[in-house]
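Here is a short briefing for a first look at this structure. Keep the sequence and the 3D view open while reading.

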Amino acid sequence: MNKTTILCAVLAFNVSTHFYGQEIIEEVTQDSLNNAEVIKVNDSIVAPVDTVQKPFQKLKIDGVAAVIGENVILDSDVDIAYKQLVSEGVSTSDVSRCELAGSLYENKLYAHHAIQDSIIVKDAEVNSMVEQQLSYMTNELGTVEKVLSFYKKDDLSEFKKELFEINKSNRLSERMRTKIIENIEITPEEVREFFEEIPQDERPLFGAEIEMAQIVIEPEVPKEEEQKVIDRLNQFREDIVENGSSFATKAVLYSQDPGSKSTGGKYTMDRKTPFAKEFKDVAFSMQEGEVSEPFKTDFGWHLLKVDKIRGEEIDVRHILLIPDVTRATIETAKKLIDSLRASIISGSIEFKEAARKFSHEKETREDGGQLLNPTTGDTRFELTKIDPILYDQVSKLKTNEVSLVIPDQDRRGQKKFKLITVLNKYDEHIADYAKDYLKIQELALKKKQINTIRKWQDEKIRDTYIKVNGEYRNCEYSGNWLKKEK
């Protein structure tokens with residue numbers, strides 16, 4: 001399972017990995033080759049070097065490891081995959097080049113058949129990913145120019161086009177995997193059979209788990225601070241609409257959205273793009289070139305302009321400003337949560353009741369503050385897998401004991417305060433069918449999904465044009481990529 005996890009991670013390389021994998025050869029011009037021709041020998045791209053002044057030589061630029069459908073995988077793609085594992089601190093002692101190559105074959109096979117099956121990945125979704133990635137890289141390296149230099153690219157628009165193709169291919173692959181298993185269900189009888197087939201001494205060991213609840217108190221934003229933000233956005237709007245100032249420039253200078261600030265506040269979106277409802281409502285109610293009035297979402301206050309409408313897709317720019325809390329409202333919030341903690345400890349109010357009445361966290365408030373594990377959808381959290389900071393806060397708590405007040409920050413960087421309690425504790429134990437049914441069901445479903453994917457892969461390998469070259473023909477793959485007779 002560990003090796004499978006590592007290889008699956010290879011399929012989701014970060015931007016730099018994929019990007020270098022796409023860089024096949026340096027551009028070969030007539031001048032650089034002294035009017036010579038590019039030559040292909042043994043599935044590798046070669047070129048004459050200095051044919052006038054020196055004897056003819058062949059310089060291998062990059063080899064073709066394999067062709068999957070219409071997708072080419074280069075030797076350098078496998079090299080970069082290997083280096084990426086090393087850079088992430090993953091042990092490569094048990095991971096061979098053959099296994100890395102096989103993982104790349106699988107990724108390209110999914111992407112190829114996603115196109116064949118008319119799976120659609122909208123440009124708006126991919127463009128949004130590209131903008132977010134570019135913003136992240138810019139924040140990390142400092143400027144767009146440094147990003148281009150780091151990735152050895154001269155032109156921003158060409159760089160974005162290549163990022164677009166990389167992300168689109170990855171998204172197609174993901175959608176194909178989802179489609180293969182989306183209708184797979186598992187019955188209680190199948191779960192029981194799966195569990196009974198596991199030998200008694202090989203049944204999984206489940207780590208210690210806890211169930212938790214929390215109360216979150218956020219300092220109130222004073223109305224005068226909100227009004228300051230609204231007034232400032234109205235000034236921006238007047239300057240843009242009346243005086244012709246650049247919306248993009250103001251976004252770069254003033255927006256507090258790290259995801260779009262460096263690109264002038266630009267996003268490409270459609271109605272399914274996972275943005276705040278209020279944001280989409282405003283964006284799709286406007287005409288091309290129109291600038292909105294200031295409006296509010298959970299992220300803060302926005303000013304929005306529609307740059308381009310292309311059917312269901314639109315290009316927008318926005319400026320985000322976040323109102324400040326004051327020292328006084330922070331103190332008020334701290335006093336409230338201190339008071340709640342004292343009341344819970346004294347028994348004058350139960351934790352869940354206090355959460356329902358006072359917590360500012362909408363997602364958990366109605367359930368008395370109880371947290372859901374986002375990975376499993378269950379209420380249990382395995383202690384060894386939770387965030388280290390959270391572990392420190394809850395691992396020593398007894399059942400129903402309330403933590404000290406925990407300072408925290410929201411997604412906007414604004415200060416807030418939390419109380420956490422442990423509702424239940426479950427010690428480390430061997431899997432029990434009755435007590436751990438949901439976990440066993442999840443394992444059984446995953447096994448069924450893996451078997452379905454393997455069957456699909458075997459069928460598609462037979463039906464797809466595949467050519468594996470050079471040293472990669474000597475590999476032993478889990479899939480029949482060499483199409484050997486069985």
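Is Ser118 buried or exposed? Ser118 is exposed, because its relative accessible area is 57% and the cut-off for exposed is over 50%. The model shown here is predicted. Its chain has 486 residues, and 44% of them count as buried. The secondary structure comes to 16 helices and 15 strands.

**The chain as a whole**

- The accessible surface of the chain is about 27900 Å². Carbon and sulfur atoms hold 49% of that surface.
- Take the contacts between residues at least 6 apart in sequence: 63% of them join residues at least 24 apart.

**The nonpolar cores**

- In soluble globular proteins, nonpolar side chains tend to be buried together.
- The largest nonpolar core here has 42 residues. The members that touch the most others are Tyr105, Phe159, Val468, Tyr472, Tyr477 and Trp481.
- Several elements supply at least two residues each to this core, including strand S3 (58-68), helix H4 (97-116), helix H7 (156-181) and helix H16 (437-463). Helix H5 (123-141) and strand S15 (466-468) are also on that list.
- H4 gives the largest share of this core, with 8 residues.
- Leaving aside neighbours within four places in sequence, Val468 is in contact with Ala65, Ala66, Tyr105, Arg473, Tyr477, Trp481 and Leu482.
- Another core, of 16 residues, lies apart from the largest one. Its members include Ile215, Ile217, Leu340 and Ala354.

**A four-stranded sheet**

- Strands of a sheet pair through backbone hydrogen bonds, either parallel or antiparallel.
- S9 (residues 300-310) and S10 (residues 313-321) are joined by 9 bridges. Within this pair, Trp301 has Leu321 as its bridge partner, and Leu303 stands opposite Ile319.
- S9 and S10 form a hairpin with 2 residues between them. Gly311, in the turn, has a positive phi of about 65°.
- S7 and S10 are joined by 4 bridges. Thr268 stands opposite Asp315 of S10.

- H5 has 19 residues. From its first C-alpha to its last, H5 reaches 26 Å, close to the 27 Å expected at 1.5 Å a residue.
- The buried residues of H5 include Ala124, Val126, Val130, Leu134 and Met137. Glu131 and Gln133 are also among them.
- Gly142 follows H5 and has a positive phi, near 110°.

**Loop residues to look at**

- Ser118 lies in the loop between H4 and H5. Its phi is near 60°, a positive value in a residue other than glycine.
- Asn400 lies in the loop between helix H15 (388-394) and strand S12 (406-409). Its phi is near 70°, again positive in a residue other than glycine. Asn400 is exposed, with a relative accessible area of 55%.
- Ala208 lies in the loop between strand S5 (205-206) and strand S6 (209-217). Ala208 is partly exposed, because its relative accessible area of 28% falls between 20% and 50%.
- Ala208 and Glu428 are 220 residues apart in sequence, yet 4.3 Å apart in space, C-alpha to C-alpha.
- Leaving aside neighbours within four places in sequence, Ala208 is in contact with Phe381, Glu382, Leu383, Tyr426, Asp427 and Glu428.

Key. Residues numbered from 1 in each chain as written. Predicted model: local features only at pLDDT ≥ 70, side-chain atom pairs only at ≥ 80, totals over all residues. Heavy atoms only, no water. Core = buried A, V, L, I, M, F, W, Y, C linked by side-chain atoms within 4.5 Å. Buried < 20%, exposed > 50% of the residue type's maximum accessible area, 1.4 Å probe, protein only. Contact = heavy atoms within 4.5 Å. Pairing = 2+ DSSP bridges. Expected span 1.5 Å × (residues − 1). Areas by Shrake-Rupley, 256 points an atom, 1.4 Å probe, with all protein chains shown as cover.
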